Amino acid sequence: MGAFLCSISERDWEITRIKGIYGNKAGTIREGSYKLFSPSTQYSIIRDLAGMKKGDLIFFHVIRKNSPSTIHGVYIVREEPFYNEDKVWKDSKERFPYRFLFEPHPKFEHLTKYDAYVEVIDLYELIEQRKIWTLATLENEVNIEARSVRKIEESREAKEIIRILYRDFNHNKLSHRVLFKPIIQKGVPIRKKIKDIGRYENAVKALLMYLLGEKDRSIIKIFGDVIDFMNEVFIAQTTRKSIDILFISGGNENNKIYTIVEVKTGKCDERSLSQVLYYMDLFKRRGIMNLEKDIIVGCLLGKDFSTRVIKYSRQRNLHRVNGRLILVQYIPNNDGNDAKFHPVII
Amino acid sequence: MWNNNVNNLTIVEKNETERRILVERSFCDEKSKRVISGFLLIKIIDNICKEKDLIKFRRALERVVKERCGGNYMEVEPILIAKDFEEKVMEFVTNYNKLQRRKPIQLIKNIK
């Protein structure tokens, strides 16, 4: 099971909450007219949704103009992501076509019945305390890709948000019960929107996120049983550096394997390797890992690898010091609509 | 003002069998308080340094970084002193120093 934090405007929150439908935009207003996002940005939207499965936890970040933004929950996914352009919200130009359906989490229904919330500043406090470590901020910053849907860690982070929703429940809720009249809607499954694999980095990442959500056999064969996975995870808050994809696997709470995946559209060279090695070192210093028990794995995923990358990775792995490296090759097929993943023997 | 003139070196770990020492580098601040400014991990090999010696040394480096520096490799300068270095060792260390954002492993030939 996974957990997601989705941003939405104050204007659209009521319709979203009542109908149990969330939509991510496909374009923006530029020079006075509506323009679709570039393919790379569209794939980043698909990437962020691709790993979502029925039953996953959902929290909403409601962005407000004249009062502090708020975090609401807990909901669960009732229909996996799809593409549909039917009009649902009030915006005259944007249809928010990248959608999923949700409902109140049956275990925490009393929270959603009164639209319980915490202020976003409380979430930032959790980030400061490292109780939430996959996020740096929810704001749109110049040097960070604008994102509306963020996958967070389910086992610790989601639980912590639920805890503070309970903590503040008596003060932060509506005085009346809210309506829930779920909309029924279908569309093109998000998987069908993943194309151009081999051309756009975000398309490769989207496919991998989808396969992880599906617990696809070919992926499990390479990476083992994955407990949780996230994308664009902040590794260094100040430099805003982020890991492309992070997997958490391993047997129990006290012995986890953290796999840092760096995705490249083309050939992985020494620069890519250097980056993943640096991220491995940085991740170990963030205080999330148990340095004595947990294991760190670095993974380069690309179409091809330079001889030097293969040679160094092989020798480093033979030393069995400071985690290991894996190289995974992807081969686009079916006209860029799919790909096969193979571990490179090192 | 920091007093940069005082730079103390203290041996904090000594392994006679492995011929390895860990040296703590420190200086005195304006209030004459000792401040640690890093470590030197030094190993001496009388003969040619082979890959197995390098692996042992890397494991020792890993332990020191974990135990004393919270996982920060920039805190420790690794130094290997040997009569000579096997080709494989030279090759690995060259790549390691190029690829890892850590203090480089220094290879010093001990020519008597």
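User: Is A:Ile183 buried or exposed?
Analyst: A:Ile183 counts as buried because its relative accessibility is 18%, where buried means under 20% relative accessible area, exposed over 50% and partly exposed in between, with a 1.4 Å probe and protein chains only. This is a predicted model, in which local features need pLDDT of at least 70 and side-chain atom pairs count only at pLDDT 80 or more, while totals for chains, interfaces and linings use all residues. Residues are numbered from 1 along each chain as its sequence is written, chains are lettered from A and ligands numbered from 1 in the order in which they are written, and side-chain values use heavy atoms, with hydrogens and water left out.

User: Where is A:Ile183 found, and which residues is A:Ile183 in contact with?
Analyst: A:Ile183 lies in the loop between helix H5 (154–167) and strand S10 (188–189) of chain A; helices (H or I, at least four residues) and strands (E, at least two) are DSSP runs, numbered from the N terminus. Apart from neighbours within four places in sequence, A:Ile183 is in contact (heavy atoms within 4.5 Å) with A:Lys19, A:Ile21, A:Arg78, A:Val88 and A:Leu101.

User: Changing topic, how many disulfides are there over all chains?
Analyst: The structure holds 0 disulfides, a disulfide being a pair of cysteine sulfur atoms within 2.5 Å. For A:Cys268, the nearest cysteine sulfur belongs to A:Cys299 and is 8.7 Å away. A:Cys268 counts as buried, at 0% relative accessibility.

User: And how much do chain B and chain A bury between them?
Analyst: Chain B and chain A bury about 2,100 Å², with 49% of it on carbon and sulfur atoms; buried area is the accessible area (1.4 Å probe) that two parts lose on being put together, summed over both. Of the area that chain B buries against chain A, B:Arg58, B:Lys66 and B:Leu99 supply 29%, more than any other three residues. The contact takes 21 residues from chain B and 19 residues from chain A.

User: How many salt bridges does the rule find across that interface?
Analyst: The rule finds 4 salt bridges across the interface of chain B and chain A, each a side-chain nitrogen of Lys or Arg within 4 Å of a carboxyl oxygen of Asp or Glu. B:Lys98 forms a salt bridge with A:Glu270, with the closest N and O atoms 3.4 Å apart. On the side of chain B that touches chain A, helix H1 (51–69) and helix H2 (87–99) of chain B each supply at least two residues.
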